[in-house]
Amino acid sequence: KHSIDAHPALGDVPVCCVGEATAQRATALGLRESVIPPPGAQDAAGLAATLIANVEPGTRVLWPRGDSARDFGARLEAAGLTVEDPIVYATRPVVLLEEPPDADAVFFASPSAVHAWNAEERSAGPAAIAIGWTTYEALDEVVHRFSMAIPLATPSPQSFTACLRSFFPSE
């Protein structure tokens, strides 16, 4: 069973989540109701701005992070928050044994996915869909390799579906 039973004091700690699904999961685990960035700002920058607006300077923030994530913590520290940021996972590229299949669009769920895709020499062609603005910004230097690029309005299945329909309205 996954809950905060082993650490009941966490039930009183304020929580800030990037999206509704994560907030619902946090509540189901026994954490307080979460503060969520508004639609269109559900990315690292929006999460940082929302958190900064809801806490006092000097507040300690726990940010379990991946080994390549840094921007979010830097934004919080610049606003006078104290960031505890243990690395809880590592991003490692996977060596593909064969080329990925042809596709009309490629979905990128993180900046590291963009970097991994671009480590290979690929010809231009498919559309690029970024889960949010941080990932979209990672596409900036390689956008010429795609027929078009767009970030999702929110990191949700509904936004992904709407994005695909905007790319491919007749399908």
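Guide: In strand β8 (residues 127-130), Ala127 and Ile129 point one way while Ala128 and Ala130 point the other, and all are buried. Buried means under 20% relative accessible area, with a 1.4 Å probe and protein chains only; strands are DSSP runs of E with at least two residues, and helices are runs of H or I with at least four, numbered from the N terminus. In a regular strand the side chains alternate between the two faces of the sheet.

This is a predicted model, in which local features need pLDDT of at least 70, side-chain atom pairs count only at pLDDT 80 or more, and totals for chains, interfaces and linings use all residues. Residues are numbered from 1 along each chain as its sequence is written, and side-chain values use heavy atoms, leaving out hydrogens and water.

Strand β8 runs parallel to β7 (residues 105-108), joined by 4 bridges; two strands pair if DSSP finds at least two bridges between them. Phenylalanine 108 is opposite alanine 130. Strand β9 (residues 149-151) is also parallel to β8, with 3 bridges, and there alanine 130 stands opposite proline 151. From β8 the chain passes through helix α5 (residues 133-139) to β9 in a right-handed β-α-β crossover: with the strands pointing away from the viewer, the path from the first strand over the helix to the second runs clockwise.

Ala128 and Ala130 belong to the largest nonpolar core, of 11 residues, a set of buried Ala, Val, Leu, Ile, Met, Phe, Trp, Tyr and Cys residues joined through side-chain atoms within 4.5 Å. β7, α4 (111-119), β8 and α5 each supply at least two of its residues.

Methods:
Buried < 20%, exposed > 50% of the residue type's maximum accessible area, 1.4 Å probe, protein only.
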